[in-house]
Amino acid sequence: ETAGSVFNDEFRFHRAEIAGKVIMTKARLTKLSAWNAHVRSSIQLRMADIRFGVDLTGSVIEGDVLMQDVTFGRRVSQESASCDWDPAVSVQFVLNELKKTLSDEDFTAAWRELVVERPMYGAVPQGNVCEEAARRNTKDLDVLSERNSVLLRDLRIQGALCLVDVTGEIALQDARGATKEIGKIAFDGTVSNSTILSWKKSDSMTLWYMANYKTNYLLANLENRPKHHYTDNIDVGALTMMKRQTFTADDGQSDEYRVREKCDVTPGKRNTDNPDNPKVQQRIIDFFREDNAESPQPFANIVSRVESMGINATNLKIALSEQKYRNTCRSSQLTALMADRGWRAWYDQLLKAPGAEIYKFALDGICSAALVGAKYSVAYGHRPLNLILWALFFVFLLYCTLWLDKPDPEHPSQSRHPGLAYAFDNLVPLRAYRIDPDAAERRPRRSLLRFHVRLQRGLGFLLALLAFIFLYKGLVY
């Protein structure tokens, strides 16, 4: 247990066997490294501040990995890539407490001891991991931020992996007021029993990398999704969309208690969002549209989970179809140019394009039009196609049976068979949409065929009602 402690160099426990917990709540870490460790309970990093990074690759955690409100320091030096930090004034931290009680001279000595000075070896001060990285990577802060990462790769977590309100942001007050960030937060190849993901609003461009990830239960809030993420080949067993939790400072609880509650959640009506809600579905769609991997597999996995809950997922399936077939009709360079650079660039190239290229572009247009129909048909589970096939079958059946009718003696010159248009019009329930409304009102001579025509009208009304229901669901949801 090292809650609130300061480590101004790498803290390492590779291949360690730990029978209990690792508690580093509010610790100030330079770098935490634990390859192939075995922790028989949980790792708690709530409100920890990390200067260089975390690497838990290949470890086995029999409990939870709790990383709520983990921060990544504030740059003190704007001139170098050293990862010294100055904790925010509002944070409960030993330096802030000492600043209130010590004189300026004593506080400066304490600050140097905690942050700046290094142990001596042979009368030579020893460097730290940040200084060594700075020498290797020049003084470019962007280069150093790429090296700073949180690597939770190939973990086996029997409890929950909880990453709540972690952005990767490193506050840096330079002349432009810009904000830097760590390079990556990765949990590829990891397996966890449950996962809790939620982000707070941030401009951080930290890459969230989640590939080959498996979890039995995912609780996620996508109101403030990361700006830069890569998701591919995931396996989610069950899904719950969470509401963003709010904790007030005047509720009588400590900040540590409020942060702990972010991962201690029991889903219910008070704190969950219904995936039936169009806003919630739109957040899911936007998340996967912005995914750098551009793979339909993760989206398809989530859509199947939503469907298994008995939720209307029409909008999700339409968006999934768009993602699956977005590059299908792009055989022509003109098509790709129009999609990437707009109509003006496309028109300029069209005037100079050879005939073969224009032919390909025309085929792409036909293909795109067909995909629009296929997209909505697939989204509705091919039910619109089934309706069309049944309608064609009923029209053909009536057309065939009308050959059995006997001629009208009062109109011997009139054709015995009223034609295909008559069979189609008697399937259309609204007169305004018939091809020949007057001719459709004539009745066959045989009583059995008159019954068939009335039946055809009823079937047409039923098919129109089903089509209306499908369209209504698509528009409402």
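Reply: Let's start with a term: a nonpolar core is a set of buried Ala, Val, Leu, Ile, Met, Phe, Trp, Tyr and Cys residues joined through side-chain atoms within 4.5 Å. Keep in mind that this is a predicted model. Its largest nonpolar core has 58 residues, and the ones touching the most other members are Leu45, Leu152, Leu163, Phe187 and Phe299. Who supplies this core? At least two residues each come from strands E4 (28-33), E7 (49-55), E13 (156-164), E18 (207-221) and E19 (229-242), and likewise from helices H6, H7 (296-308) and H8.

Zoom in on Leu45: leaving out residues up to four places away in sequence, Leu45 touches Met24, Leu29, Leu32, Leu66, Met67, Gln68 and Val70.

The axes of H6 (residues 278-289) and H8 (residues 314-324) come within 10 Å and cross at roughly 10°. Angles under 35 degrees count as roughly parallel, so H6 is roughly parallel to H8. Their crossing is right-handed. On the H6 side, Gln281, Ile284, Ile285, Phe288 and Arg289 do the meeting, and their partners in H8 are Asn315, Leu316, Ala319, Glu322 and Gln323. Sort the residues of this contact by type and you get 5 nonpolar, 3 polar and 2 charged.

One last stop is Asp273, which sits in strand E20 (residues 272-273). Asp273 has a relative accessible area of 16%, so it is buried. Again skipping residues up to four places away in sequence, Asp273 touches Met241, Met242, Lys243, Val280 and Arg283.

Note on methods:
Residues numbered from 1 in each chain as written. Predicted model: local features only at pLDDT ≥ 70, side-chain atom pairs only at ≥ 80, totals over all residues. Heavy atoms only, no water. Axes fitted to C-alpha atoms, helices over the stretch in contact; angles between N-to-C directions. Helix = DSSP H or I, 4+ residues; strand = E, 2+ residues; numbered from the N terminus. Parallel < 35°, antiparallel > 145°, perpendicular 65-115°, else oblique. Left-handed = near helix turned anticlockwise from the far one by under 90°. Contact = heavy atoms within 4.5 Å. Nonpolar A, V, L, I, M, F, W, Y, C, P; charged D, E, K, R; others polar. Buried < 20%, exposed > 50% of the residue type's maximum accessible area, 1.4 Å probe, protein only.
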